[in-house]
Amino acid sequence: MTMRSYRYFICPAGHQGTEKTSENDQPYSTPWESITTQGLVNAGEDSMGYKAYVCEVCKKPMVPCSA
Ligand SMILES: [Zn+2]
């Protein structure tokens, strides 16, 4: 079974980005995790260990939003 989850981000200028995470949780297969992003630039990890992103357009920090 493959699970997909989405996280939505927005920057101070209002640009939006999306992170899609696909996880394979089958017990007898090699665990893997695949992350694809749209409108985001990888900026390493934040202090909580989550992926951190900056805006692809204006390079400002993206913050998660629930929209
Ligand atoms: Zn922006």
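1. **What you are looking at.** This is a predicted model, where local features need pLDDT of at least 70, side-chain atom pairs count only at pLDDT 80 or more, and totals for chains, interfaces and linings use all residues. Residues are numbered from 1 along each chain as its sequence is written. The predictor's confidence in each residue is given as pLDDT, on a scale from 0 to 100. For this chain the mean pLDDT is 87, and 87% of the residues reach 70 or more. Among the elements, strand S4 has the highest mean pLDDT (93) and strand S3 (residues 32–38) the lowest (85).

2. **The overall layout.** You will find 6 strands and 0 helices, following the pattern β-β-β-β-β-β along the sequence. Both kinds of element are DSSP runs numbered from the N terminus: helices are H or I with at least four residues, and strands are E with at least two.

3. Two strands count as paired if DSSP finds at least two bridges between them. Glu 45 has Lys 51 in S5 as its bridge partner, while Asn 42 stands opposite Tyr 53 in S5. The hairpin has 5 residues between the strands, and Gly 49 takes a positive phi near 90° there.

4. **The S1 and S2 hairpin.** S1 and S2 also pair in the antiparallel sense, over 9 bridges. Their hairpin has 5 residues between the strands, with Gly 14 in the turn at a positive phi of about 95°. Tyr 8, in strand S1 (residues 2–10), stands opposite Thr 18 in S2. The C-alpha atoms of Tyr 8 and Gln 38 are separated by 9.7 Å, with the two residues 30 apart along the chain.

5. **Buried or exposed.** A residue is buried if 20 or more other C-beta atoms lie within 10 Å of its own, exposed if 12 or fewer, and partly exposed in between, with C-beta atoms placed from the backbone. Tyr 8 counts as partly exposed because it has 14 C-beta neighbours inside 10 Å. Asn 24, in strand S2 (residues 16–24), is partly exposed too, with 13 other C-beta atoms within 10 Å. Buried residues make up 12% of the 67 residues in the chain.

6. **The core.** The largest nonpolar core has 6 residues: Phe 9, Cys 11, Leu 40, Tyr 53, Cys 55 and Met 62. Such a core is a set of buried Ala, Val, Leu, Ile, Met, Phe, Trp, Tyr and Cys residues joined through C-beta atoms within 7 Å. Leaving aside neighbours within four places in sequence, Cys 55 is in contact with Cys 11, His 15, Lys 60 and Met 62. Contact means that the C-beta atoms of two residues, placed from the backbone, lie within 7 Å. Among contacts between residues at least 6 apart in sequence, 36% join residues at least 24 apart.

7. **A residue to look at.** Lys 59 has a positive phi of about 65° although it is not a glycine. Lys 59 lies in the loop between strand S5 (51–55) and strand S6 (63–65). With 11 other C-beta atoms within 10 Å, Lys 59 is exposed.
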